[in-house]
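Hello,

Here is the structure I promised to pass on. Please open it first, then read my notes below.

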Amino acid sequence: MATIEIRKVQSRRDLKRFINVPFRIYKGNPYWVPPIILDELNTLSKDKNPAFDFSEAEYWIAYRDGKIAGRIAAIINNRYIEKWGNVYGRFGWVEFIDDFDVAAALFKTAEDWLRSKGM
């Protein structure tokens, strides 16, 4: 049985690994259009993106049997919550191999974090 591990992004090196996940997953796919890496880095860096003045996010990478198998981000926009009164969190940057257990573990991780924040 496969071992699935979800690791939280905790360093700049982890963030770069997070950004590069789809390059592994879609390698060889002629229909995939890769993002601009510097743009992704600036968007996801909490010290560079001014949205993090009023938002918070966490990112995770999934590993299946020690190999990268997916990623997910969970985001809370506090300004949205204050304005509209909807206590919602969201997720994005979702990529994973064709494996239901990997997908389920990623979504559960994001959901658990959002719920722990009152979403």
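Seven aromatic pairs turn up in a search of the whole structure. Please keep in mind that this is a predicted model.

Start with F18 and Y59. Their rings form a tilted aromatic pair. The centres are 5.2 Å apart, and the planes make an angle of 35°. F18 belongs to helix α1 (residues 12-25), while Y59 belongs to strand β2 (residues 55-64). The pair therefore ties together parts that lie 41 residues apart in sequence. Buried or exposed, F18 and Y59? Both F18 and Y59 are buried.

Next, F23 and W32. Here the ring centres are 4.9 Å apart and the planes stand at 90°, so this pair is edge-to-face. F23 is partly exposed, at 26% relative accessibility. W32 is partly exposed as well, with a relative accessible area of 22%. Which residues make up the aromatic cluster here? F23, Y26 and W32 form it together.

The charged end of R7 sits over the ring of Y63, 3.8 Å from the ring centre. The charged end of R79 sits over the ring of F54, at 4.0 Å from the centre of that ring.

Now back to β2, the strand that holds Y59. This strand is mostly covered: of its ten residues, eight are buried.

What does β2 pair with? Strand β1 (residues 4-8) is one partner, in the antiparallel sense, over five bridges. E5 has Y63 in β2 as its bridge partner. Y63 is also the residue whose ring lies under the charged end of R7.

Strand β3 (residues 67-77) is another partner of β2. This pairing is antiparallel too, and it runs over ten bridges. Within it, E56 stands opposite I76 in β3.

How many residues lie between β2 and β3 in their hairpin? Two residues do. D65 is in that turn, and its phi is positive, at about 50°.

- F23 and W32, the edge-to-face pair.
- R7 over the ring of Y63, then R79 over the ring of F54.
- The hairpin of β2 and β3, with D65 in the turn.

Best wishes

Methods: Residues are numbered from 1 along each chain as its sequence is written. This is a predicted model: local features need pLDDT of at least 70, side-chain atom pairs count only at pLDDT 80 or more; totals for chains, interfaces and linings use all residues. Side-chain values use heavy atoms; hydrogens and water are left out. Rings of Phe, Tyr and Trp (its six-membered ring) pair if their centres lie within 6.5 Å; planes under 30 degrees apart count as stacked, over 60 as edge-to-face and the rest as tilted. Helices (H or I, at least four residues) and strands (E, at least two) are DSSP runs, numbered from the N terminus. Buried means under 20% relative accessible area, exposed over 50%, partly exposed in between (1.4 Å probe, protein chains only). A charge sits over a ring if NZ of Lys or CZ of Arg is within 6 Å of the ring centre and within 35 degrees of the ring normal. Two strands pair if DSSP finds at least two bridges between them.
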